[in-house]
Amino acid sequence: MSRMEKKSSEPSFTVATTSHELRGDYSKAAADYTIQQDWSQYTESEHALWRKLYQRQAALMPQYAAKVVQDSLDELDFSQAIPNLDKVSQKLQAATGWRLVAVPGFIPDTAFFAHLAERRFPVTIWLRKPEEIDYLVEPDIFHDFFGHVPLLFDPVFADFLQLYGVKGAEAERLGMTQYLARMYWYTVEFGLIRENGKMKAFGAGILSSFTETAFCVDDPSPNRIAFDLERVMNTLYRIDDFQETYFALESFADLFTALKQDLRPIYDRVKALPDHAPDDVLGRDCVYWRGTGAWKKRKQAG
Ligand code: HBI
Ligand code: FE
């Protein structure tokens with residue numbers, strides 16, 4: 001699923017919140033940017049579009065998704081209608097202490113980090129239009145819910161994401177948010193994990209995208225490289241097309257361990273170095289698959 005076209009490859013979130021009209025209604029948002037979901041306001045045609053989006057993606061999960069995703073989908077079963085966030089929060093709270101809060105869309109970093117640090121996951125409440133089924137500028141409830149919520153049922157990932165909120169506040173104080181955002185992008189949004197020696201997807205941007213779900217695992221075009229925190233912090237990313245490189249974890253504990261350390265020495269190093277291009281492969285990389293780059297070449301050929 002290609003995303004909003006951008007000139008620079010700075011973090012999309014910053015651009016997404018400044019370079020175009022935000023879609024949601026922020027007028028009724030509280031100081032922490034939360035709103036009421038008012039589940040009764042969804043139309044039957046929106047529930048029908050949800051069912052179509054859900055069925056298309058759920059069919060791909062057994063082959064391409066990390067185990068926790070399949071387990072969560074089976075447990076939650078929100079296939080028949082747009083989910084009621086409060087109802088899911090009850091199950092989620094019992095599982096990992098997280099709950100879902102409704103937001104109108106992108107919210108400022110400070111508010112976003114504060115919610116994560118308190119184990120509250122912000123979920124956009126509006127659904128894309130039928131004509132946007134494969135092209136979306138901003139994340140909608142299908143991206144946020146289908147893509148992110150299943151992972152919150154994994155205890156280790158849940159602890160990692162709470163730590164990310166804490167480290168996000170620190171990154172803002174240090175002026176290093178853009179580097180931490182790259183880590184979020186290459187893991188929480190577009191991360192792979194190796195399970196029984198096979199590449200599986202866990203990133204929300206992948207899981208909520210009909211085309212990228214297969215591409216990230218099957219296509220020879222992108223690189224697949226072992227996750228390394230400093231490496232991803234030093235690497236630019238694309239927001240307007242499939243990723244040119246995917247980084248793969250051995251376990252979610254890798255994420256927690258990487259983030260638990262004192263990040264200041266890493267920030268000092270990465271800010272002094274030039275950024276790597278999205279398709280770079282470095283000598284020190286543990287490369288599972290060196291991509292052909294065919295997808296990018298085809299796109300450039302136009
Ligand atoms: N707001 N609703 C929402 N969802 C996000 O994923 C999000 C956000 N605001 C900021 C943000 N992500 C990123 O800038 C941080 O992860 C760095
Ligand atoms: Fe997301």
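In helix α7 the buried residues are I141, F142, H143, D144, F145, F146, G147 and H148, where buried means under 20% relative accessible area, exposed over 50% and partly exposed in between, with a 1.4 Å probe and protein chains only. Because eight of the eight residues of α7 (residues 141-148) are buried, this helix is largely enclosed by the rest of the structure. Helices (H or I, at least four residues) and strands (E, at least two) are DSSP runs, numbered from the N terminus.

This is a predicted model, in which local features need pLDDT of at least 70 and side-chain atom pairs count only at pLDDT 80 or more, while totals for chains, interfaces and linings use all residues. Residues are numbered from 1 along each chain as its sequence is written, chains are lettered from A and ligands numbered from 1 in the order in which they are written, and side-chain values use heavy atoms, with hydrogens and water left out.

- H143 counts as buried because its relative accessible area is 3%, and H148 is buried with a value of 5%.
- G205 is found in helix α10 (residues 204-207) and is buried, with a relative accessible area of 2%.
- Apart from neighbours within four places in sequence, G205 is in contact with H143, E189 and F190, contact meaning heavy atoms within 4.5 Å.
- The C-alpha atoms of G205 and F190 are separated by 5.7 Å, and these residues are 15 residues apart along the chain.

**Cavity and nonpolar core**

- The model has one cavity of 30 Å³ or more.
- On a 1 Å grid over the protein atoms alone, a cavity is a set of points where a 1.4 Å probe fits but cannot get out, and lining residues have an atom within 4 Å of a point.
- The largest cavity holds about 40 Å³ of space; grid points are joined across faces, edges and corners, and a volume is the space filled by probe spheres set on the points.
- Its lining is made up of F121, H148, L151, L152, F157, L161, V188 and F202.
- Seven of the lining residues are nonpolar, one is polar and none is charged; Ala, Val, Leu, Ile, Met, Phe, Trp, Tyr, Cys and Pro count as nonpolar, Asp, Glu, Lys and Arg as charged, and the others, Gly among them, as polar.
- The largest nonpolar core has 89 residues, of which L100 and L161 touch the most other members.
- A nonpolar core is a set of buried Ala, Val, Leu, Ile, Met, Phe, Trp, Tyr and Cys residues joined through side-chain atoms within 4.5 Å.
- Beyond its neighbours within four places in sequence, L161 is in contact with W98, L116, F121, L152, Y184 and V188.

- In helix α6 (residues 109-117), the buried residues are A111, F112, F113, H115, L116 and A117.
- The cover over the buried residues of α6 includes β1 (99-103), β2 (120-124), α8 (155-174) and α9 (177-189).
- G105 sits in the loop between β1 and α6 and counts as buried at 7% relative accessibility.
- Not counting residues up to four places away in sequence, G105 touches Y26, T124, W126 and E138.
- F106 lies in the loop between β1 and α6 and is buried, with a relative accessible area of 14%.

**Partly exposed loop residues**

- Most residues other than glycine have a negative phi.
- D38, in the loop between α1 and α2, has a positive phi of about 45 degrees although it is not a glycine.
- D38 is partly exposed, with a relative accessible area of 45%.
- D77, in the loop between α4 (67-76) and α5 (85-96), has a positive phi of about 45 degrees and is not a glycine.
- D77 is partly exposed, with a relative accessible area of 48%.
- L22 lies in the loop between α1 (12-18) and α2 (44-58) and is partly exposed, with a relative accessible area of 23%.

Notes: On a 1 Å grid over the protein atoms alone, a cavity is a set of points where a 1.4 Å probe fits but cannot get out, and a pocket is an open set with protein on both sides within 12 Å along at least five of seven lines; lining residues have an atom within 4 Å of a point.
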